Amino acid sequence: LTDAVIPTLRDCLSSYRTGRNLIVLFDVIGTIASELGDQFDATEESAAALIPPLLHHWRNHHSDDQSILALLECM
């Protein structure tokens with residue numbers, strides 16, 4: 001599952017900048033990580049693929065960007 005899904009999520013993180021789609025994407029990532037638990041954490045590829053774009057969103061969010069709460073919940 002993660003072999004197909006993680007690259008797609010990473011690509012979406014680079015495509016979505018703001019808005020509802022980004023909030024939903026953060027929710028999807030958090031849900032997958034919660035449901036897979038140790039299986040998700042066990043693959044360093046998952047973290048290596050998703051953490052840098054998530055941190056990019058963290059560093060570049062605007063003060064009026066409502067997706068920051070979803071990002072925090074995701075992380």
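How many positive and how many negative side chains does the protein chain have, and how far apart do the centres of the two sets lie? In this predicted model, the protein chain carries 4 positive and 11 negative side chains, and a separation of 11 Å lies between the centres of the two sets.

With regard to secondary structure, the protein chain contains five helices and zero strands, so that the order read along the sequence is α-α-α-α-α. The radius of gyration of the protein chain is 12 Å, close to the 11 Å that the globule rule gives for 75 residues, and the chain is therefore as compact as a globular protein of that length. Taken along the principal axes, the box filled by the C-alpha atoms has dimensions of roughly 35 × 20 × 20 Å. Of the 75 residues, 31% count as buried, and among contacts between residues at least 6 apart in sequence, 60% join residues that are at least 24 apart.

When neighbours within four places in sequence are set aside, the residues in contact with H57 are L13, Y16, R17, L22, F26 and L71.

Definitions and conventions
Residues numbered from 1 in each chain as written. Predicted model: local features only at pLDDT ≥ 70, side-chain atom pairs only at ≥ 80, totals over all residues. Heavy atoms only, no water. Contact = heavy atoms within 4.5 Å. Helix = DSSP H or I, 4+ residues; strand = E, 2+ residues; numbered from the N terminus. Rg over C-alpha atoms; globule rule 2.2 N^0.38 Å. Buried < 20%, exposed > 50% of the residue type's maximum accessible area, 1.4 Å probe, protein only. Lys, Arg positive; Asp, Glu negative; His and termini not counted. Charge placed at Lys NZ, Arg CZ, Asp CG, Glu CD.
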